[in-house]
Amino acid sequence: MVPMSTTPSTTVAEPLGAALERLRIAGAIFFRAEFTEGWAYESPPPDVIAALLHPGAARLIMFHIVAAGTCWISVGDGERHWASAGDVVVLPYGDQHRVGGTDDAELVEIATLFDSPPWAALPVLCYGMGGARTDIVCGYLHSEDPLFNPSLRALPPVLIVRPPPGPAADWVRSSIAFALDAGSASLPAPAPTRLPELLLVEVLRIHLATAPAAEQGWIAALHDPVLAPAMAQMHSAPGRKWTVAELAASVAVSRSLLDERFRTVLGRSPIRYLTDWRMHLADELLASTDLGVAAVARRVGYDSEEAFSRAFKRRYGCPPSAWRTTRSP
């Protein structure tokens, strides 16, 4: 958690693009896979992956680029998030996760499908029952930035980013082609390249385009000793009926100070930020999961589907069901 201070430092807002480009990130592609239906696997715990790929790190940011086919990914007891060709899946906190195809399949530990490291070349994993094929390029990144601090949970545990048509989508497709070519060569594993770093920055840029106050210092707020822990409370429990008094008490500051910091750095009150954050999460759930509108409403803190639909329409200009249609792959 960000250390507390009775006198918060002045947080200077900067454009989202500049803030993202200042992130200190290092990463690598460490395997590619050719899965055939049916297939499903579970990853090792985050500390095991970190010890294997980046000794000294507590956990890593994991990403999967879907080059072809369709797959789902889930974290903990959460719902399945679906991804298709051209999508980028990011696990900002490297949580233990499960991945599988469209057919039912027995879950296996992915570590049992590889030879033991060290690897002389980038591994290519071929696994499944011989049905329809899904190609995935997998990599990791490491960063000490608060954006990836699991105690803050500034991002959902799973991001499915679908670049909109245009230069961003073209760049991601080119990145996938590059990664596949790299995987077919006899490169050391993991294969160091700036591709994962650049890809993560672009993915975050696309994802945060709908985040509340993204252009008013949102990333900078994660460094603020008052805002960061207050945001962490809302991020970890968006469905709770928060009040300004409860939030202020949880971070040991006055209500007036908390309200002032939110308005100064993020351009909105704490409760307005909470509402916008709920809509941001709802957008993610509608776009990448099969949860019904009522279930999404409950997940983000609304007692009724009708109240949620009204709030969602005010934010996005159309009801959740119509929005889901426009966001589906």
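Which residues is histidine 207 in contact with, leaving aside its neighbours within four places in sequence? They are Leu155, Pro156, Leu159, Val161, His280 and Glu284, where contact means heavy atoms within 4.5 Å. This is a predicted model, in which local features need pLDDT of at least 70 and side-chain atom pairs count only at pLDDT 80 or more, while totals for chains, interfaces and linings use all residues. Residues are numbered from 1 along each chain as its sequence is written, and side-chain values use heavy atoms, with hydrogens and water left out.

**Histidine 207**

- Histidine 207 lies in helix 4 (residues 195–207); helices (H or I, at least four residues) and strands (E, at least two) are DSSP runs numbered from the N terminus.
- Histidine 207 counts as buried because its relative accessibility is 3%; buried means under 20% relative accessible area, exposed over 50%, and partly exposed in between, with a 1.4 Å probe and protein chains only.
- The side chains of histidine 207 and histidine 280 are joined by a polar contact of 3.2 Å.
- A polar contact is a pair of N or O atoms within 3.5 Å; within protein, one must be able to donate a hydrogen and the other to accept it, and residues adjacent in sequence count only if both atoms are side-chain atoms.

**The largest pocket**

- On a 1 Å grid over the protein atoms alone, a pocket is an open set of points with protein on both sides within 12 Å along at least five of seven lines, a cavity is a set where a 1.4 Å probe fits but cannot get out, and lining residues have an atom within 4 Å of a point.
- The volume of the largest pocket is about 460 Å³, a volume being the space filled by probe spheres set on the grid points, which are joined across faces, edges and corners.
- Its lining has 19 residues, and Pro156, Pro157, His235, Leu281 and Arg299 lie nearest the centre.
- Helix 9 gives the most to this lining, with four residues.
- Nine of the lining residues are nonpolar, six polar and four charged; Ala, Val, Leu, Ile, Met, Phe, Trp, Tyr, Cys and Pro count as nonpolar, Asp, Glu, Lys and Arg as charged, and the others, Gly among them, as polar.

**The cavities**

- The structure holds two cavities of 30 Å³ or more.
- The largest cavity has a volume of about 40 Å³, and its lining has seven nonpolar, one polar and no charged residues.
- The second largest cavity has a lining of eight nonpolar, no polar and no charged residues.
- Helix 4 supplies the largest share of the lining of the second largest cavity, four residues.
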